[in-house]
Amino acid sequence: MLTEERKTELRDNYLRVLEEIENARQRRGGGDPVTLLAATKTVPEEEVLYLIRECGLKICGENRQQEFTAKYSAVTEAGARMDFIGHLQTNKIRFVAGRAGLIHSVDSLRLASELDARCSTLGVDQDILIEINIGEEESKTGVDPVLFDEILSRMAEYRRLNVRGIMTMAPKCEKNEDFRAYFKKSYQIYLDFLRKKQHNIGEGILSMGMSDSYVCAVEEGSNMVRVGSAIFGARTYPPKG
């Protein structure tokens, strides 16, 4: 059962994050509004629903297919959107395609092709972001920034996919200022994307910044941030075995 103390904690955290986002947006000179996505990995459903019903949360994001599927009906019936923000394996596409409001993590032409095929079968269009490996880290998924233009041009082949923008995850940094170089580079790629696609994307999306970096990301041009622990606290993982 969700206690009153926990409700107060969640509400206060949520409102504080919104305030910090708006302050950061003002520091960058205003411009596009910034969308807050609550990253709900391992978060109990009742906490997510409280933020939707009582605090106005509009978008949730899951990075594991199992949790996406488990929470999808409750989240959407409560009036919020459910995005998919993690690495999407091709054998999990059928659980996500046509259901996620936005898939943030399309990181290869193979994934795009199979996603497009599934959406064609369903007769639905799917909004996606191209994931950029901005730190060029071998341990992370995402398109090499050097190959972005080529990947973007090939995406035109997939008639059921609407490329809305880009998503990136900066490398781990010691302090906020260290994130800036990665965010500035991502923002320039995003601006180039807008110049190439502005005729048919609607509102462009730059999904950049998480709990450890969302303030800096907004200052550097992000218009969507994915915040988990700053709202819900440190994640608690179930024991293995």
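**Backbone and pockets of the predicted model**

T42 is found in the loop between β1 (35-39) and α2 (45-55), helices (H or I, at least four residues) and strands (E, at least two) being DSSP runs numbered from the N terminus. Phi of T42 is near 70 degrees, a positive value in a residue other than glycine. The loop between β5 (126-132) and α6 (148-154) holds E136, a non-glycine residue whose phi is likewise positive, near 50 degrees. E136 counts as partly exposed because its relative accessibility is 46%, where buried means under 20% relative accessible area, exposed over 50% and partly exposed in between (1.4 Å probe, protein chains only).

This is a predicted model, in which local features need pLDDT of at least 70, side-chain atom pairs count only at pLDDT 80 or more, and totals for chains, interfaces and linings use all residues. Residues are numbered from 1 along each chain as its sequence is written, and side-chain values use heavy atoms, without hydrogens and water.

At least two lining residues come from each of β6 (161-168) and α7 (176-197).

The second largest pocket contains about 240 Å³ of space and is lined by 13 residues, of which P33, T35, E203, G204 and N223 lie nearest its centre.

Conventions:
1 Å grid on protein atoms, 1.4 Å probe; cavity = no way out; pocket = protein on both sides within 12 Å on 5 of 7 lines; lining within 4 Å. Points joined across faces, edges and corners; volume = space filled by probe spheres on them.
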